[in-house]
Amino acid sequence: MIPQIIKTFLDSDIGYSFKKSKVAIVSSIIFVTIVLTSLLAVVIAPYNPFDPKSVSLMDAFTPPIWSIGGSVDFLLGTDQQGRDMLSTMIYGSQISLIVGFASIIFAMVLGVFLGVTAGYLGGRYEIVVMRFTDVQLTIPSILMALLVDGIARGFISKSLHNDMAIYVLILAIGISEWPQFARITRAATLVEKNKEYVLASRIIGLSDIVIMIKHILPNILRPILVIATIGLSQAIITESTLSFLGVGFPPTNPSLGTLIRFGNNFLFSGEWWITFFPAIFLVVLALSINLLGDWMRDALNPKLKVR
Amino acid sequence: MFNYFLKRLLQSILVMLIVGFVSFSLFNFVGDPVNNMVGQEASEETREEIREKLGLNDPVYTQFFKFVVNASNGEFGLSYELRRPVSLLISERLPATLELVLVSALIAIFFGVLFGVYTAINRDGFVSNFILITSLFGVSLPTFVIGILFIYLFSVILGILPSFGRGEVVNFGFWSTGFLTISGIKALILPSITLSLFQMTYIIRLVRAEMIEILQTDYIKFARARGINNKVINNRHALKNGLIPVITITGINIGTLIAFSIITETVFQWPGMGLLFINAVQFVDVPIMSAYLIMVAFLFVMINFIVDIAYYFIDPRIRLKEEEAIK
């Protein structure tokens with residue numbers, strides 16, 4: 001099943017441009033590796049950093065294996081609580097990726113719904129939706145996410161903050177990202193809606209809902225996919241930024257941003273690895289997604305293909 | 001011309017009213033303001049008394065009207081956490097943020113335009129490719145990671161620049177400036193560069209695309225045919241038109257810089273509005289949150305207004321369009 005899908009992909013025109021692009025191949029390998037590692041965290045990570053039995057304060061601040069004082073047990077050293085850096089990072093990337101994917105899917109569903117209906121139905125509804133989109137596009141997404149986060153915190157009692165963090169963040173980041181989707185899908189829908197196949201399906205009496213979902217949506221998937229890819233790296237960066245600022249994930253359930261936040265406190269005392277490894281991990285993750293997105297934008301752009 | 005100004009002004013006021021309504025609802029519906037002021041032990045009567053005094057029993061539109069009047073006078077009540085007037089807290093912090101944003105904007109625009117023009121003129125040079133690849137990395141580097149890297153490099157390893165605070169400041173009435181002392185300027189270097197990098201990469205790409213397009217237009221070709229030397233063509237004829245989008249971007253740019261200054265201020269413990277806001281979000285200090293929202297929106301709207309007006313004078317095409325619309 002899966003080899004079959006990969007084979008079809010590689011034989012297609014997009015697959016051809018994928019095979020031609022070294023950057024795309026390398027960055028997708030890195031990205032898939034990170035995703036698989038974080039999915040299989042329980043198996044791959046050398047320790048379970050959340051299991052108090054495996055953590056000992058005696059091991060705190062062990063430097064990475066190649067430095068003086070490093071230990072074979074901890075490849076990338078340990079943090080202030082004696083947790084293995086490599087393991088906390090793998091678990092942290094799991095959280096970052098879950099929030100990234102979930103919030104971008106949330107933003108995509110909301111944005112695509114509003115964009116397609118606005119483009120297809122038009123009228124006053126379209127004006128209202130697009131005005132909202134324009135206004136929100138002028139607000140930097142980090143500020144929007146911070147605001148939603150702050151408001152949500154106001155509604156949730158303090159004792160529940162830590163448990164609800166993941167939902168609050170998905171909501172906050174999702175809300176800050178949807179206008180991108182709405183703008184691009186509306187533009188694409190406006191083009192599609194006057195094409196003959198849509199007119200034909202109208203003539204045979206299909207309902208608006210069926211036309212939108214079954215006929216227009218599959219034809220505007222390409223730009224949505226590009227926005228979603230670049231949006232994913234944006235979402236991951238936003239999540240880690242919020243966590244770094246102290247309004248994201250709590251230290252008991254750290255994402256990459258939380259790890260960097262706490263490691264930052266030890267930068268001056270010389271324990272650079274506590275903040276550097278998560279930071280490098282985050283940058284590699286974001287960079288691989290951005291490079292994939294860049295390639296995808298070129299590969300899926302029909303204008304560039306002609307040349 | 002008058003119509004154009006009036007239209008822009010009305011738009012700005014409308015946006016401010018909407019933002020005002022949002023922060024008003026934030027204030028009224030997020031948590032119970034009375035609860036936040038008196039604590040758990042207060043009796044029902046004192047609560048009712050405060051409720052009456054705050055005007056929370058009035059109809060919502062009266063409350064909103066009062067809120068707008070107070071807000072335009074700079075009154076946002078007391079901070080829940082710090083127990084001091086929010087207007088005072090903000091006016092203490094405002095100079096720090098504005099100085100940081102100003103310097104970052106200048107850095108971003110200066111180097112952004114410089115590199116953008118350079119990479120557009122020397123399209124396949126080694127330096128151009130280097131700048132472009134670096135700018136691609138710049139997009140993937142979160143602001144706080146850049147800040148941490150700088151601190152590690154310049155403060156921890158080299159030890160030449162301070163990693164936190166504003167250094168010594170000089171007070172002029174309500175304004176405190178770090179521009180006049182050596183330690184103030186030193187403290188400004190790392191945060192302002194950190195803040196400017198992301199915007200810089202953006203401006204580089206924009207100016208480059210614009211310049212490449214302009215260099216292929218007929219009037220440039222004609223100028224070449226006349227035998228004018230390349231330097232004059234690039235700097236005088238092409239650059240002028242290439243800078244028009246930069247003006248718009250500068251407007252949005254400064255707005256984004258204010259938002260991103262939250263992150264930079266946290267990394268460098270810069271005592272500005274962003275740091276105040278982040279602490280307010282952590283403690284759900286609603287008066288500060290809503291005041292910050294209004295302040296930032298006001299700065300956004302004002303900058304956009306100025307940019308629109310500047311556009312009108314710089315780009316004759318807009319003037320023509322407006323005049324046609326009136327006819």
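1. pLDDT is the predictor's confidence in each residue, on a scale from 0 to 100. The model is predicted, and chain A averages a pLDDT of 84, with 93% of the residues scoring at least 70. Among the elements of chain A, helix α5 (residues 85-121) has the highest mean pLDDT, 92. The lowest mean, 56, belongs to helix α14 (residues 302-305) of chain A. Where pLDDT is low, the predicted coordinates should not be read in detail.

2. Chain A has 14 helices and zero strands. The C-alpha trace of chain A spans about 75 × 50 × 30 Å along its principal axes. Of the 307 residues in chain A, 44% are buried. Among contacts in chain A between residues at least 6 apart in sequence, 69% join residues at least 24 apart.

3. Which helices of chain A supply at least two residues each to the side that touches chain B? The contact between the chains takes 31 residues from chain A and 27 residues from chain B. On the side of chain A, α7 (141-155), α11 (221-245) and α13 (273-299) each supply at least two residues. α7(A) gives the most, with 10 residues. By class, this side of chain A has 19 nonpolar, 10 polar and two charged residues.

4. α7(A) also packs on helix α8 (residues 161-193) of chain A, at an angle of about 140° and with the axes 8 Å apart. The crossing of α7(A) and α8(A) is right-handed. From α7(A), the contact is made by A:Ser141, A:Met144, A:Ala145, A:Val148, A:Asp149, A:Ala152 and A:Arg153. From α8(A), the residues are A:His161, A:Val168, A:Leu171, A:Ala172, A:Ile173, A:Ile175, A:Ser176 and A:Glu177. The residues of this contact divide into nine nonpolar, three polar and three charged.

5. Why is helix α12 (residues 256-264) of chain A described as largely enclosed by the rest of the structure? Eight of the nine residues of α12(A) are buried, so the helix is largely enclosed. The buried residues are A:Leu256, A:Gly257, A:Thr258, A:Leu259, A:Ile260, A:Arg261, A:Gly263 and A:Asn264. A:Arg261 and A:Asn264 are thus among the buried residues, a residue being buried if 20 or more other C-beta atoms lie within 10 Å of its own. The cover over the buried residues of α12(A) includes α5, α11 and α13 of chain A, together with α7 (143-157) of chain B.

6. The secondary structure of chain B comes to 14 helices and two strands. Chain B has 327 residues, of which 35% count as buried. In chain B, residues 24 or more positions apart account for 70% of the contacts with a separation of 6 or more.

7. Helix α5 (residues 86-121) and helix α8 (residues 182-215) of chain B have axes that come within 6 Å and cross at roughly 35°. The crossing of α5(B) and α8(B) is right-handed. By class, their contact has 22 nonpolar, seven polar and one charged residues.

8. Helix α4 (residues 60-72) of chain B has 13 residues and reaches 18 Å from its first C-alpha to its last. That span is close to the 18 Å expected at 1.5 Å a residue. Just after α4(B), B:Gly74 takes a positive phi of about 80°.

9. B:Gln269 has a phi of about 50° although it is not a glycine. B:Gln269 is found in the loop between α11 (244-268) and α12 (273-282) of chain B. Is B:Gln269 partly exposed or buried? B:Gln269 has 13 C-beta neighbours inside 10 Å and so counts as partly exposed.

10. B:Phe298 is placed in helix α13 (residues 286-314) of chain B. B:Phe298 is partly exposed because 17 other C-beta atoms lie within 10 Å. B:Phe298 and B:Ile258 are 40 residues apart in sequence, and their C-alpha atoms are 12 Å apart in space.

Conventions
Residues are numbered from 1 along each chain as its sequence is written. Chains are lettered from A and ligands numbered from 1 in the order in which they are written. This is a predicted model: local features need pLDDT of at least 70, side-chain atom pairs count only at pLDDT 80 or more; totals for chains, interfaces and linings use all residues. Two residues are in contact if their C-beta atoms, placed from the backbone, lie within 7 Å. Helices (H or I, at least four residues) and strands (E, at least two) are DSSP runs, numbered from the N terminus. Ala, Val, Leu, Ile, Met, Phe, Trp, Tyr, Cys and Pro count as nonpolar, Asp, Glu, Lys and Arg as charged, and the others, Gly among them, as polar. Axes are lines fitted to C-alpha atoms, for helices over the stretch in contact, and angles run from 0 to 180 degrees between N-to-C directions. A crossing is left-handed if the near helix is turned anticlockwise from the far one by less than a right angle, and right-handed if clockwise. A residue is buried if 20 or more other C-beta atoms lie within 10 Å of its own, exposed if 12 or fewer, and partly exposed in between; C-beta atoms are placed from the backbone. The expected span of a helix is 1.5 Å times one less than its number of residues.
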